[in-house]
Amino acid sequence: MKTSFLIAAPTSGSGKTTVARGLMALMVQKGYKVQPFKCGPDYIDTKFHEAVCGRPSVNLDTFMATPCHVRQLFSHYGADADICVVEGMMGLFDGYDRDKGSSAEIARVLDIPVVLVVDARSAAYSMAALLSGFIGFRPDVRVAGVIFNKVGSERHYRMLQQVCTDVGIDCLGYLPKTDTLKQDSRYLGLDFSKAPETRQLVQLLEQHVDWQRLCSLSVSDAVCSTLPPAQQDLFPSTAERVVIARNAESFSFLYQEFLDQHPLATFFDPERDVPVLDDADWLFLPGGYPEKHLQALVANTACRQAIRDYAERGGHIQAECGGMMYLCRNIVTDDGDYPMCDVLPYTITARQADRHLSLGYRRFSLDGSVWLGHEFHYTQFLGETPVSVTPVCNAKGEPVSSPVMRYKNVLASYTHLYPRMRTSDAL
């Protein structure tokens, strides 16, 4: 039997991520194979999912991929799982343009039910209006159940159960209000699966949530087999020798799909290794947080020199966000000035006073193809922004000042690119 559902919420901050991770941990503890997924381009939640489930979490995104490709990914990665859990993003209907690209769109594309996680602090029967709105807003999105978060007492919960009875939705349980489940920051160094609060969370979910009823909301022997089968080119075989920088934090933002597309890839850690690039077809420097490990990156002079030499002799390099920063001349922080690879003649500032959030989907055309991706960073170029080799737009087609840079055979930008380019006629 196969169970699939999407965990969503009316707004960010409702407890969706806490409940999703906790349910994954609980179901793994019960002996199920749980395949995690994440709506949108988020790299961090997927790492927590993998720590809990022991399987890579896969991003599902209808801006960067077609609905057909999203269904194929879901079918491929969920094929041998007992339970497929999709964690939503932001509010259920929040997308890049109204509800386009939202968690609701993913649920609709996959035809799986939605479980709402609702923050019930300081509210009782007013929840009826909220739930009625979410249930009836889009008939093609099945809001099948609700889990209440931050419930103050058993009496409070009984009132919320009455709400669910009146609006006709399954009340699947609740989490009591407690400060011990708070996670103040999403940090890659935290192993959520072993954190003490995770054990408490699993115990609370088992005690207060009808997880067996939750698993029966969408049960089918063919929930994935009814989706379009993965075409032979879902992971096209390649003989390319791709060398990939990989580190738990400095260079860690990698889509599982990208890794599966390059089974012959070799990896190195720029903090301690020197890559062998003599016969490499191309070098990939993914995003991450190099600004947190500058001393180690500076100390590995041989690595920086090897990458600079490779770029100068025409080696192909793709560098994204943190990888692009690493290719620049230097990174400055409140603690000092740190030399990097000096392939690109720019300075990146990670100083607190210069921090500014740059966030959103990105699209640009280059060499006859359309590249899609997303941007999320606080560091900035120091001084004037480099001139882009091609116009860059956001999801709505509006121009943004986010440059794409080229030097010889180096392609670099702050944009995390989706592993599949789309040709213009495929958009």
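Where is serine 122 found? Select the loop between β5 (114-119) and α5 (127-137): serine 122 is in that loop.

**Before starting**

The model is predicted, so that local features require pLDDT of at least 70 and side-chain atom pairs count only at pLDDT 80 or more, while totals for chains, interfaces and linings use all residues. Residues are numbered from 1 along each chain as its sequence is written, and side-chain values use heavy atoms, with hydrogens and water left out.

Display the whole protein as a cartoon. Its secondary structure comes to 12 helices and 22 strands; helices (H or I, at least four residues) and strands (E, at least two) are DSSP runs numbered from the N terminus. Of the 427 residues in the protein, 56% are buried. Buried means under 20% relative accessible area, exposed means over 50%, and partly exposed lies in between, with a 1.4 Å probe and protein chains only. Contact is defined as heavy atoms within 4.5 Å. Among contacts between residues at least 6 apart in sequence, 71% join residues at least 24 apart.

**Stop 1**

Return to serine 122. Its phi is near 55 degrees, a positive value in a residue other than glycine. Serine 122 has a relative accessible area of 84% and is therefore exposed.

Next, select asparagine 149, in strand β6 (residues 143-151). Asparagine 149 counts as buried because its relative accessibility is 9%. A polar atom of its side chain lies 3.0 Å from the backbone oxygen of serine 14. Show the surroundings of asparagine 149: leaving aside neighbours within four places in sequence, its contacts are Ser14, Gly15, Val117, Val118, Asp119, Ala120, Arg121 and Leu175.

**Stop 2: the helix pair α3 and α4**

Select helix α3 (residues 67-78) together with helix α4 (residues 103-110). They pack at an angle of about 70 degrees, with their axes 10 Å apart. Axes are lines fitted to C-alpha atoms, for helices over the stretch in contact, and angles run from 0 to 180 degrees between N-to-C directions. The two helices, α3 and α4, are therefore roughly perpendicular to each other; angles under 35 degrees count as roughly parallel, over 145 as roughly antiparallel, 65 to 115 as roughly perpendicular and the rest as oblique. To view the contact, show Pro67, Val70, Arg71 and Phe74 of α3 with Ile106, Val109 and Leu110 of α4. The residues of this contact divide into 6 nonpolar, no polar and 1 charged. Here Ala, Val, Leu, Ile, Met, Phe, Trp, Tyr, Cys and Pro count as nonpolar, Asp, Glu, Lys and Arg as charged, and the others, Gly among them, as polar.

**Stop 3: a six-stranded sheet**

Now select the open sheet of 6 strands, whose order is β10-β9-β11-β12-β20-β19 and whose pairing is mixed. Its edge strands, β10 (266-268) and β19 (404-407), each pair on one side only. Neighbouring strands of the sheet are turned by 15 degrees against each other on average, direction ignored. Two strands pair if DSSP finds at least two bridges between them.

Begin with strand β9 (residues 242-245). Val242 and Ile244 point one way from β9, Val243 and Ala245 point the other way, and all are buried. With β10, β9 pairs in the parallel sense over 3 bridges, and valine 243 has threonine 266 of β10 as its bridge partner. With β11, β9 also pairs in the parallel sense over 3 bridges; the partner of isoleucine 244 there is phenylalanine 284.

Move on to strand β12 (residues 317-320) and strand β20 (residues 410-413), which pair in the parallel sense over 4 bridges. Glutamine 318 is bridged to leucine 411, and alanine 319 to alanine 412. From β20, Val410 and Ala412 point one way and Leu411 and Ser413 the other way, and all are buried.

**Stop 4: the hairpin and the helix across the sheet**

Methionine 405 stands opposite alanine 412 in β20. The two strands, β19 and β20, form a hairpin with 2 residues between them, and lysine 408 in the turn has a positive phi of about 55 degrees. Lysine 408 is partly exposed, with a relative accessible area of 45%.

Finally, select helix α11 (residues 301-312). Helix α11 lies across β10, β11 (282-285), β12, β19 and β20, running at about 130 degrees to β11.

Terms used: Polar contact = N/O pair within 3.5 Å; in protein donor to acceptor, adjacent residues only side chain to side chain.
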